[in-house]
Protein chains: 2
Amino acid sequence: MKSNEIKEAALKYFTIHGYEGASLSQIAEEVGLKKQSIYAHFKGKDDLFLQVLRDAKEAELSSKLHYFSKVDSQNPEKDLYGFLQLVIDLFQKNELLRFWLRMTFFPPAHLRNEIGEEVADIEEKVQSVLEGKFQDWIDAKVIVHDIAKTPTLAFVGVVDSILIELVYVNDEKRLKDKLEACWSVFWRGISHS
Amino acid sequence: MKSNEIKEAALKYFTIHGYEGASLSQIAEEVGLKKQSIYAHFKGKDDLFLQVLRDAKEAELSSKLHYFSKVDSQNPEKDLYGFLQLVIDLFQKNELLRFWLRMTFFPPAHLRNEIGEEVADIEEKVQSVLEGKFQDWIDAKVIVHDIAKTPTLAFVGVVDSILIELVYVNDEKRLKDKLEACWSVFWRGISHS
DNA sequence: TCCAACTTAACGAACGTTCGTCAGTTAGCA
DNA sequence: TGCTAACTGACGAACGTTCGTTAAGTTGGA
């Protein structure tokens, strides 16, 4: 299917150059087409962009939810650390994730609200699943804290700091150091002394 | 000085629309000039951009170093939390910081290496100051850990997660919750039980 | 089976607009 | 008189988009 080839090329250029920096002629050339031919598959640049965006959202959401649905142990140390590695793996191998990250951080101005809603939606779903897990662990007295929201937000913070490291330089050594540092301090912060 | 007015307008548009999305005509109009007149002050778009970038780097570096030079107590709880609030304050009030963040995360492709060097430079300086502080606190036995690097990187991680929250939505309530959560878990993670 | 009607994908050409940049000129001030 | 900063005018290039036109493939009824 040619539409998918176009979306793949679009994904690549949007990720590298951003919305404004990516041109339809470059994208078309990548798949051996003239830019006009894109209009046989998409209404325009915005339409192409938003379809890629929805694919990215779907990829982000499903892979995260899939991890938590599969994992159901009573071992938060293993599950949470595994999630961090999942995020690293996703980001390094899946261009959709890099695209999603860039466009949610700095969306094209005229699509700001539209994208903001998608972000809020996904954010809320992931956080509620996570919070449920933490509540279970608190009830089972395997981690400390009275309310689940605190460790949930703190863990999301650890994920954030890893993402920043991935975006910033993607130096394998630095990433490993930061992951270990953030994780060990976080874990000490939520587990029984 | 008109050059500064131009740089201020450029800062604004680069921050909102990115390098490619910001146009010289918009910037010029903002200060009541024609776009061609910008060339009386700057060699071109890149020159203008790089001058703003260096201003931003200077602002980022000096404000952070200034904080740590001023603060010299034996109270890491106060000093570190104060630093987090400084970052929040800087980001919310100083557009240079938002510009710096956007451009270091997702630099224009043709200036990637140039910007990467500036980032590495500033990163190294801030981290070494921070690491020195943590070493002092470890020696004074006011926090745990054997090596200073671990709490340093973890603290940088907390800063990162706050920055992400600021970029993402900038909802005052959410920000406060996340700050408290990240901070309390971090602090429990590095202090004596 | 065959042909006409329709659909699809891609094209060249051109649209109007904006982009960044350069050259030459004018107004004001030291 | 120079110098500077602003102007006007124009440049080639690229942008996203629309148009009309092909060529190939699909469908449906006689």
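Modeller: Start with A:Trp100, which belongs to helix H5 of chain A, a helix that covers residues 95–105. The model is predicted, and every value below is computed from it. A:Trp100 has a relative accessibility of 1%, and because buried means under 20%, this residue counts as buried.

Over all chains, 36 aromatic pairs are counted. One of them joins A:Tyr19 and A:Phe49; the ring centres are 5.2 Å apart and the planes stand at 90 degrees, so this pair is edge-to-face. A:Tyr19 is part of helix H1 of chain A (residues 2–21) and A:Phe49 is part of helix H3 of chain A (residues 45–70), so the pair ties together parts that are 30 residues apart in sequence. What is the state of the two partners, buried or exposed? A:Tyr19, at 9% relative accessibility, counts as buried, and A:Phe49, at 0%, counts as buried too.

A pair in chain B has another geometry to describe. B:Phe155 and B:Phe186 are 5.6 Å apart, centre to centre, with 50 degrees between their planes, and this aromatic pair is tilted. B:Phe155 sits in helix H7 of chain B (residues 149–168) and B:Phe186 in helix H8 of chain B (residues 172–190), so here the parts tied together are 31 residues apart in sequence. Both B:Phe155 and B:Phe186 are buried.

Rings can also be linked into a group. In chain A, ring pairs join A:Tyr67, A:Phe68, A:Tyr81, A:Phe83, A:Phe134, A:Trp137, A:Phe155, A:Trp183, A:Phe186 and A:Trp187 into a cluster.

In chain B, the charged end of B:Lys45 sits over the ring of B:Tyr19, at 4.5 Å from the ring centre. Elsewhere in chain B, the face of B:Phe91 has B:Arg98 over it, at 6.0 Å from the centre of the ring.

Next come the cysteines. How many disulfides are there over all chains? The count is zero. A:Cys182 shows why: its closest cysteine sulfur is in B:Cys182, and at 10.0 Å the two sulfurs are too far apart for a bond. A:Cys182 is buried, with a relative accessible area of 5%. B:Cys182 is likewise in no disulfide, with the sulfur of A:Cys182 as the nearest one, 10.0 Å away. B:Cys182 has a relative accessible area of 5% and is buried.

A:Thr152 lies in helix H7 of chain A, residues 149–168. A:Thr152 is buried, with a relative accessible area of 1%. Its side chain reaches the backbone oxygen of A:Ala148 at 2.7 Å.

Of the atoms of DNA strand C that come within 4 Å of the protein, sugar and phosphate account for 57%. By class, the surface near DNA strand C has four nonpolar, seven polar and four charged residues. The side chain of A:Gln36 has an N or O atom 2.6 Å from a base nitrogen of DNA strand C.

DNA strand D has 16 residues around it, and A:Lys35, A:Tyr39, B:Gln36, B:Ser37 and B:His41 come nearest. Sugar or phosphate makes up 55% of the atoms of DNA strand D within 4 Å of the protein, and bases make up the rest. The surface near DNA strand D divides into four nonpolar, eight polar and four charged residues. A:Ala22 takes part through its backbone, with an N or O atom 3.4 Å from a phosphate oxygen of DNA strand D. A:Ser23 has a side-chain N or O atom 3.0 Å from a phosphate oxygen of DNA strand D, and for the side chain of A:Ser25 the distance to a phosphate oxygen of DNA strand D is 2.9 Å.

Notes. Residues are numbered from 1 along each chain as its sequence is written. Chains are lettered from A and ligands numbered from 1 in the order in which they are written. This is a predicted model: local features need pLDDT of at least 70, side-chain atom pairs count only at pLDDT 80 or more; totals for chains, interfaces and linings use all residues. Side-chain values use heavy atoms; hydrogens and water are left out. Rings of Phe, Tyr and Trp (its six-membered ring) pair if their centres lie within 6.5 Å; planes under 30 degrees apart count as stacked, over 60 as edge-to-face and the rest as tilted. Helices (H or I, at least four residues) and strands (E, at least two) are DSSP runs, numbered from the N terminus. Buried means under 20% relative accessible area, exposed over 50%, partly exposed in between (1.4 Å probe, protein chains only). A charge sits over a ring if NZ of Lys or CZ of Arg is within 6 Å of the ring centre and within 35 degrees of the ring normal. A residue is near a molecule or strand if one of its heavy atoms lies within 4 Å of it. A polar contact is a pair of N or O atoms within 3.5 Å; within protein, one must be able to donate a hydrogen and the other to accept it, and residues adjacent in sequence count only if both atoms are side-chain atoms. Ala, Val, Leu, Ile, Met, Phe, Trp, Tyr, Cys and Pro count as nonpolar, Asp, Glu, Lys and Arg as charged, and the others, Gly among them, as polar. A disulfide is a pair of cysteine sulfur atoms within 2.5 Å.
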